[in-house]
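Thank you for sending the model for comment.

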Amino acid sequence: MRDLIIIGAGPAGMTAAIYAKREKLNTLLLTREFGGQMAKKEVEIENFPGMGRISAQDLIAKFRDHARSLDVDIEMEDVIKISKKGSGFLVATSSNKYESKAVLIATGADPRFLGVPGEQEFVGRGVGYCATCDGPLFSGRNVAVVGGGNTAFESALFLAKFALKIYIVEAGSQVRASADVQDKAKDTKKIEVIANAKVLRILGEKFVTGIQYSDQKSGKNVLLDVEGVFVKIGYKPASLIAKDLADLNDLGEIIYDPVTYQTKTPGLFAAGDVSALKYKQIVIACGEGAKAILSISEYFRSGGSKGRVSKKTAAVRPVKKHVRKKSN
Ligand SMILES: Cc1cc2nc3c(=O)[nH]c(=O)nc-3n(C[C@H](O)[C@H](O)[C@H](O)COP(=O)(O)OP(=O)(O)OC[C@H]3O[C@@H](n4cnc5c(N)ncnc54)[C@H](O)[C@@H]3O)c2cc1C
């Protein structure tokens, strides 16, 4: 039996694996793939300290190589269920079952689907979720990016290298992307924003030929001729594997103790974007992974499932009162 199974190899899981090795925990990292959401980043990462501007693939390779250089045990498997077994856990993948004394869930988040007719039917035939992966296929063509946040604009900017015209289709009355990316989009002269446009269906025969949306202002249905549709409407926490053992909030995020990283089940910990964490960034996910391992280490030192992780922080330690001696 392992001490610890970490699920997920995004920034939280990979940092956790490095820290677990340093804490000498007998650890297995189970993951579907490396990099997590970073792998979906369309432009360079500019906010990871010490790296300046770096492509997501290069940063992922640095994380992965660091973990591999420490001989972290890694299996590329999709976890389908976590259950309790005695005082520990049974982690089931589609092909294996693994046992451990503790589990750290670092499964991050998955893209949200539009849920309109044609979406699933045309995945890989014009409908995509990653412009970096599929953008070059749309050279000289018209494409739509559905969504109006930073991710949608970044995708559109990446697509502008190849596509003839890019429509950003936003259901609300205005887009939510930051001013600088909106300015960059304007500068390309290829990107047009269509607001108040609620996508109704994706049309096509063998491949996508267009989308139909409802113009929320006029109430009319409009056809837009495009050969590609990139859905960029956000992410949802990949927390379903934890739902029997951990409480989830109304966004589906795992509720944990923000000091100990423990869920309501002793020995089950969570870190990164899968959890009820306010700010979701690479550097924050790394910090969460590191802190979760230090807490797990303390969990083992205090007796594992029979012990408890201290919630004391430096900030809440009682301050010794300075007693001034009376002078005679
Ligand atoms: C397009 C985009 C651009 C972004 N740009 C930036 C940026 O420039 N700077 C920044 O700081 N942040 C950025 N972010 C946010 C940042 O990427 C996330 O906050 C961060 O990746 C979260 O890390 P994580 O490890 O918690 O989860 P994730 O990165 O989501 O990783 C989750 C991991 O878990 C694995 N997994 C999931 N379910 C299972 C399962 N059932 N079994 C096994 N493995 C599983 C996945 O394969 C993946 O390896 C961006 C996010 C997106 C989507």
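1. Two strands are taken to pair if DSSP finds at least two bridges between them. Helices (H or I, at least four residues) and strands (E, at least two) are DSSP runs, numbered from the N terminus. The model is predicted: local features need pLDDT of at least 70, side-chain atom pairs count only at pLDDT 80 or more, and totals for chains, interfaces and linings use all residues. Residues are numbered from 1 along each chain as its sequence is written, and side-chain values use heavy atoms, with hydrogens and water left out.

2. An open sheet of five strands pairs in parallel, in the order β8-β15-β9-β10-β11. Its edge strands, β8 (127-128) and β11 (191-194), each pair on one side only.

3. Within this sheet, β15 (residues 228-231) runs parallel to β8 and is joined to it by two bridges. Strand β9 (residues 142-146) also pairs with β15 in the parallel sense, over four bridges. Which residue of β15 is the bridge partner of V127? The partner is V229, and A144 likewise stands opposite V229.

4. The side chains of β15 deserve attention. G228 and F230 point one way from the strand, V229 and V231 point the other way, and all are buried (buried means under 20% relative accessible area, exposed over 50%, partly exposed in between, with a 1.4 Å probe and protein chains only).

5. A second open sheet has three strands in the order β12-β13-β14, with antiparallel pairing. Because β12 (197-204) and β14 (221-225) stand at its edges with a single partner strand each, one side of each is left without a neighbour in the sheet. The twist averages 25 degrees from one strand to the next (axes are lines fitted to C-alpha atoms, for helices over the stretch in contact, and angles run from 0 to 180 degrees between N-to-C directions). Seven bridges link β12 with β13 (residues 208-215) in the antiparallel sense; in β13, S214 is the bridge partner of K198.

6. The ligand is surrounded by 31 residues, of which E33, Q37, K41, V79 and D273 are the closest (near means that a heavy atom lies within 4 Å). By class, this shell holds eleven nonpolar, twelve polar and eight charged residues; Ala, Val, Leu, Ile, Met, Phe, Trp, Tyr, Cys and Pro count as nonpolar, Asp, Glu, Lys and Arg as charged, and the others, Gly among them, as polar. At least two shell residues each come from β1 (2-9), α1 (11-22), β2 (27-34) and α6 (282-301).

7. Polar contacts (N or O pairs within 3.5 Å; within protein, one atom must be able to donate a hydrogen and the other to accept it, and residues adjacent in sequence count only if both atoms are side-chain atoms) to ligand oxygen atoms include a backbone N or O atom of G10 at 3.5 Å. A backbone N or O atom of I282 lies 2.9 Å from an oxygen atom of the ligand. The protein covers 93% of the 1,000 Å² of accessible area that the ligand has on its own (Shrake-Rupley method, 1.4 Å probe; for residues, only the protein chains shown count as cover).

8. T31, in strand β2, has 3% relative accessibility and therefore counts as buried. A polar side-chain atom of T31 lies 3.3 Å from an oxygen atom of the ligand, and the T31 side chain also reaches the backbone nitrogen of A9 at 3.0 Å.
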